[in-house]
Amino acid sequence: MASNKKYWKSVEELNEDSPIVKALQDNEFVTEIPTDEFLGNKEALESSSTTRRDFLKYVGFTTAAATLAACEGPVVKSIPYVVQPDEIVPGIANYYASTMADGFDFANILVKTREGRPIKIERNDLAVNGGSVNARVHASVLSLYDKNRLTGPMVDGAEVSWPEFDTAIAQKMNEMTGKDIVLLTQTFASPSTSKLISEFTSKYPNVRHVVYDTVSCSGALDAFQNKYGTRALPDYDFSKADVIVSVGADFLGDWQGGSYSKGYATGRIPKNGKISRHIQFEANLTLTGAKADKRVPATPSQQLEILKALTGGSASGLPENIADAVNKAKAQLQKAGGKALLVTSLPDVASQTLALNFNANSEAMDVNKPLLTRQGSNSEVTNMVNGVISGSIKGLITVGVNPIYSLPNNKEFAEAYKNLEMTLAFAMKQDETASMAKMVAATPHYLESWGDAQIKKGTYSLVQPTIRPLFNTRQFQDSLLQWTGNSQKYYDYIKENWTASILEGGSWNKTLEAGVLASNAEITMEEVKPVTEGTGVLEESTSNGALSALLQEGGYELTLYTSTGLGDGQQANNPWLQEFPDPITRASWDNYLTVSAADAEALDLVNEHVSNGALNGSYVNLKMGNVVLEKVPVIIQPGQAKGSVGLALGYGKTAAIQKEMQTGLNAYPLYQNFSSVQKVNIEKASGMHEFACVQLQSTMAGRSDDIIKETTLEIFNTKDKEFWNSVPVTDYDHNEISVRDKKADIWSPFDETVGPHFNLSIDLNACTGCGACVIACHAENNVPVVGKEEVRKFRDMHWLRIDRYYSAGETFKEEIETLENLPAFDSYKAVEVPAYENPQVAFQPVMCQHCNHAPCETVCPVAATSHGRQGQNQMAYNRCVGTRYCANNCPYKVRRFNWFLYNENDEFDYNMNNDLGRMVLNPDVVVRSRGVMEKCSMCIQKTQKTILDAKLQGRAIKDGEFHTACSSACETGAMVFGDVNDKDSEVLKLKNDDRMYHLLENVGTKPNVFYHMIVKNTSEA
Amino acid sequence: MCQTIDNNLIISMKKVNFIHLRSKLPLLLLVFLLTFSTTIYSQDAPADATAAEAVAPPADAGGDVAAGESLFKANCAACHKLDAKAVGPALRGVANKYDRDWLYKWIHNSSALIASGDADAVKIFEANNKTVMTAFPALSTTDIDNILAYTSQPKPEPKVAAAPAADAGSQNGGGGASNSLVLGALALIFLLLVIMLFLVTNTLKRIAEANGVVYEEKEKRTPIWKAFVQNQFLVLVFSIVMILAAGYFAYGYLMQVGVDQGYAPVQPIHYSHRIHAGDNQIDCNYCHSSARKSKHSGIPSLNVCMNCHKNIAEVAPETATEEYSKEFYDGEIAKLYKAVGWDAANQKYTGKTEPVKWVRIHNLPDFVYFNHSQHVTVAGVACQTCHGEIQTMEVVQQFAPLTMGWCINCHRTTNVNLESNEYYAKIHEELSKKYGVEKLTIAEMGGLECGKCHY
């Protein structure tokens, strides 16, 4: 019987005019099979002396030889320590508390080490105000094992020893007496370093200290300094705010150093029928905007108006829809009184002052114990740059910053830098600045260093080394001690400093063990305040007209942002971060210009999927005055405010970075006046860019009820659970029964009552899509990096992905209605194309759902995947023969196949291909080989370890002891893992919660992962 | 005619030859045995006829030597040896070097003596890296006399026992040479016999011919292989048997690929578990301490060896075996000292270390997770269950096949040690309620699940 069914290869087939459809019809193989590579050269083939028979002989012989050789087992050597350190037991991990403070990311952390190697970063639960342990902090352990690091100090390009280097410095400092030298550093927020620098500058009075934040917070710092006298950033507790209005501020991302997601998420979990109300006005679609109850796209110049209107002005000049939203927001802010919070990312002092004044009475703002994670001043840095260019500054010492890469006028600066009499760079790598410096002092990674930090006033933390320096490096502070004639090591210096002024009689060792200390000790940190003249108030002029660009006529308003993966670009050589898909665009290995659909149409810019589903995009040239950025790829971004564009900083590095990781374009030349908002002209350029975007489908196509359930606070509070969180039904004996009913099962159940039974709970209201879990999973489970080309083919190996969905209508609800009302023969396009104007956005972390009735298990021909009674769906890699039936039968598409050998393979030259990079591997998890399927194991190595520890100690397991890598990385508490057989467990309470549902519950897989549906606060009054 | 005769001749010659060999076989064996037995006995030859006869009596008979010996071993041996420098100096003949009262003072409280500025005391103190000797105020003067009596025993003449051991090597070598000599001689005799035989048959044949004896020709039969080929049933059965047999052996061969049972590689230092775990009864966990708490049993670091070997620089003569001499073992201890950088003469570390590259015997593939502590501490499995009678192994070899089938079999048949472990309390209660069982195997607890060992 012939069938008329038409099978689709791509959604593009919906579009009959698409050239892809034609291509698909004409060619059986979508991409040409590269036979030419070996058969094309006829001459070579003919001239070959190997006949067919010879060839077969060789094959036969080598096969036989290989078979024989394989029978002989290799001789494995075991080399024990000569003297084993007391704290090391082979096979048992040690944890050390430390702190990451690289000038951009500040976080209190725990470092997991195995046999003396740091292998993973975890959160330090003892740290209350400990910064944000985000994806970059988790990935920083891999940057330690970067093979491009500097191996020793250098003078004039030649490697020297440290005593030689010190002699050279002493000589140079003598020569430089009386000449102006600038010590240009990152923000350290370190009491001891600050003390040390003042000692250094008092010994060499010609040295001036300037702090340079690559991504500036100068406006906010100036405003705070004007009002409160100290140079710091106010700290916010979003959990105390009932109404949050953000004008451009991506506070769940990197706004003012980040670290607000925990407080925010606390206020977003319905408690006593209440959650906070969050309104976001922004140009780029950010993580924060995606979580907002109401998001209004607005260009930076409109944001300026909005901020003025919210703080007392009038909204009359704004478009109607924005003005309406502003007035409603204003009313809600007023109503909330002390529980209102207004934040903005507009870079000028005036705007920051407006917000600061508005929040003056807010309970959510803390100005007494402000954050010290940013110190830089735009005017000071500008003075320094001008001084170097004009020649008034003769020497420059850079520490932890890379001005030749990150200054807006870096080319001009580089020319002047070459002519300086003294150039000394403290750097971990031969970066842009270090490669031009006459003297380079190789510094260790923070995991090899001692140090301290005061992230928030009154909260002190320590940095301790977790491994001996891998290379011949010396930390900046030790160098300063040496050069100021102090014979102490920095460790002793910190200890002395802490004992004298911070510990207040407390124990040094206990503090070191905890890593953090809340102390009332007031210490004077050297403050690098910009000079205030006359009135003593930092005016707009001192921030050098951050918004002057916006006043220009014409062009598009550009908002520069830092991406979740790369941040300010310090860790650009980290393959985990490069392959980390951006939570919003889902593209990896790139930065790109985000453009609104309307503007894209006007400029004739396109995004299209080629026949294998991969994304291509047009190029544009960006012009801003003299600065031209050529061939910037474009992504058409739903929700981007019309007339605005966005571009990520931190990409386009070329020095001391592996070729594969030299991705994207350097956007810092556009960062004029250190202002995140600029005006640019755009013109289309020829060619198409190939993106590595991991998500082909952007909408749920009207299936929101099966995938991401959502409701409003009003309905949640007033209606029955069955109304807003109904369980799917199925037919049984002509009656409708719930799929949770035992009768709905076609499989006999497993006995899971004895011992633990694991469940993972994910609260979609609390999940901000930050991606910390993705990187934590990478580190814990030895997930390989596959490279841009493979990601483009959707062969990324992430065990845990965070799906991002746009609504096809204004909201997901509208999308469902559209689908239901769709005429019978109409195209599904109506629900498959996201609403470009302002769609609703939702994140959903998806990993193996560990189904109790797993479809993958039943189709495996070799029983390589099977079910455990603890609820885990287990995967025996050594048994897998790679049929990929399981992946095809998995409704969640969470199984990843090893298409190639990703370790010790030059084709995939990432961390698993060099001895240094392999040090990060977790010895408890096997590294998979080519041709096997892999997937989330629910961190069975961690659950087994917890069980074993309990057995060894002969005790029962308490709730909260079980963890997965993702659940312990989750800062917002969105992921909770535990044993549902434990009647008192948190996860059981969550499982019985009204918001609980399963992903695609109607397919009857009975997953052990469950979600909590989204509740949005849509009340406008 | 001539041709046939020749043929027959050869046939008969062969026959005779065969018979001859058979009859000679016992004799041959006897000759073999004799040749070897000489070498065997030669090793046992009593060579220490000169062995230490009762030596001259102690210099000072003012004490009980036996009591002194036990006191010495209990109190002094940790730091002192009789004839070699350890932490402290060698003590033989110390009674003759110093005044008896001075010695009492020194032993009772050496620090005080040094503090008082006594020249001898200070000199000794300086000579021994300024190591303070433990004070023994509890020892009575009689005790000290006893100890001194023991230390005044003259050094026994070096036993010549070492000599035969050394000789054994050379004799073994000699034995090897004589063996081949004997074999050569045998071969020669054999050759001679063959020639004689040939001559005898020739002569006999000539006599027979001369006497007119005529040989009868045998009737021709189908050769057996042809008969076999013609019988198709037999061929079929034979082929099936052959195929089955080939399959059996091929399977057996493939199944042992990668199974290294009995693997006993030569190690960089000949470490004898027989001496340590067997003769000296050292607990396995003393050296393999992480077996109790970690997945790895852990190869002890060299500083663990030095806990004892700082004081044990040589083995006792009775430790030596026929195969391994005392010199051999002492040489191995010297290798340890070299690796750990211990200068035995000066009793201090030189700082020059050479980590020992042991050859790993038990190699599990990477995709198997095995945890020692689970088995040793939780389950209480004896080391010997998987590693064999390790205390008798001079050279350690892999005892168990370490195949998955071997693991699984044990998990199927072994009961979980539920008692006195609070972790299992709840599980036990639930299980006994559910199935009415008191005991359950590891398999029933989920110990056969793939994910328990493969992740």
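Predicted model: local features only at pLDDT ≥ 70, side-chain atom pairs only at ≥ 80, totals over all residues.
**View 1. A seven-stranded open sheet in chain A.**
The strands of chain A stand in the order E6-E5-E17-E16-E15-E7-E8. Their pairing is mixed. Strand E6 (158–159) and strand E8 (207–211) of chain A take the edges, each with a single partner strand, so one side of each has no neighbour in the sheet. Strands of a sheet pair through backbone hydrogen bonds, either parallel or antiparallel. Which sense do E16 and E17 of chain A show? Strand E16 (residues 422–427) and strand E17 (residues 439–442) of chain A pair in the parallel sense, over four bridges. One residue pair to find is A:Ala427 and its bridge partner A:Ala442, in E17(A).

**View 2. Helices H14 and H17 of chain A against the sheet.**
Helix H17 (residues 476–483) of chain A packs on the sheet, where E7, E15 and E16 of chain A are touched. The directions of H17(A) and E16(A) make an angle of about 135°.

**View 3. Helix H17 of chain A and its surroundings.**
Is this helix largely enclosed or left open? Seven of the eight residues of H17(A) are buried, so the helix is largely enclosed by the rest of the structure. The buried residues are A:Phe476, A:Gln477, A:Asp478, A:Ser479, A:Leu480, A:Leu481 and A:Trp483. They pack against three helices of chain A: H6 (162–175), H7 (191–203) and H18 (490–501). They also pack against strands E7, E15 and E16 of chain A. After H17(A) comes A:Gly485, with a positive phi near 75°.

In soluble globular proteins, nonpolar side chains tend to be buried together. What does A:Ile708 contact, leaving aside its neighbours within four places in sequence? The list is A:Met700, A:Leu764, A:Tyr805, A:Ala842, A:Phe843, A:Gln844, A:Tyr997 and A:Ile1014.

**View 4. Strands E34 and E35 of chain A.**
Strand E34 (residues 801–806) of chain A is mostly covered. Five of its six residues are buried. Strand E35 (residues 841–846) of chain A runs antiparallel to E34(A), and six bridges join the two. A:Gln844 in E35(A) stands opposite A:Asp803. A:Gln844 is also one of the contacts of A:Ile708.

**View 5. The hairpin of E31 and E32 in chain A.**
Strand E31 (residues 729–732) and strand E32 (residues 735–738) of chain A run antiparallel, joined by four bridges. A:Val729 has A:Ser738, in E32(A), as its bridge partner. How many residues lie between the strands of this hairpin? There are two, and A:Asp733 takes a positive phi near 55°.

**View 6. Where chain A and chain B meet.**
Contacts link 47 residues of chain A with 51 residues of chain B. The area buried between the chains is about 4,100 Å². Carbon and sulfur atoms give 60% of that area. On the chain B side, B:Tyr423, B:Glu449 and B:Tyr455 lose the most area to chain A, together 18% of what that side buries. How many salt bridges are counted between the chains? The count is one. The side chains of A:Asp924 and B:Lys295 meet in a salt bridge, at 2.8 Å from N to O.

**View 7. B:Ile275 within chain B.**
Chain B has 19 helices and three strands. Of its 455 residues, 26% count as buried. B:Ile275 sits in helix H11 (residues 273–279) of chain B. Is B:Ile275 buried or exposed? Its relative accessibility is 9%, so B:Ile275 counts as buried. Beyond its neighbours within four places in sequence, B:Ile275 contacts B:Asn280, B:Thr319 and B:Tyr329. B:Arg292 is 17 residues from B:Ile275 in sequence and 23 Å away in space, C-alpha to C-alpha.

Technical notes
Residues numbered from 1 in each chain as written. Chains lettered and ligands numbered in written order. Heavy atoms only, no water. Pairing = 2+ DSSP bridges. Contact = heavy atoms within 4.5 Å. Axes fitted to C-alpha atoms, helices over the stretch in contact; angles between N-to-C directions. Buried area = accessible area lost by both parts, 1.4 Å probe. Salt bridge = Lys/Arg side-chain N within 4 Å of Asp/Glu carboxyl O. Buried < 20%, exposed > 50% of the residue type's maximum accessible area, 1.4 Å probe, protein only.
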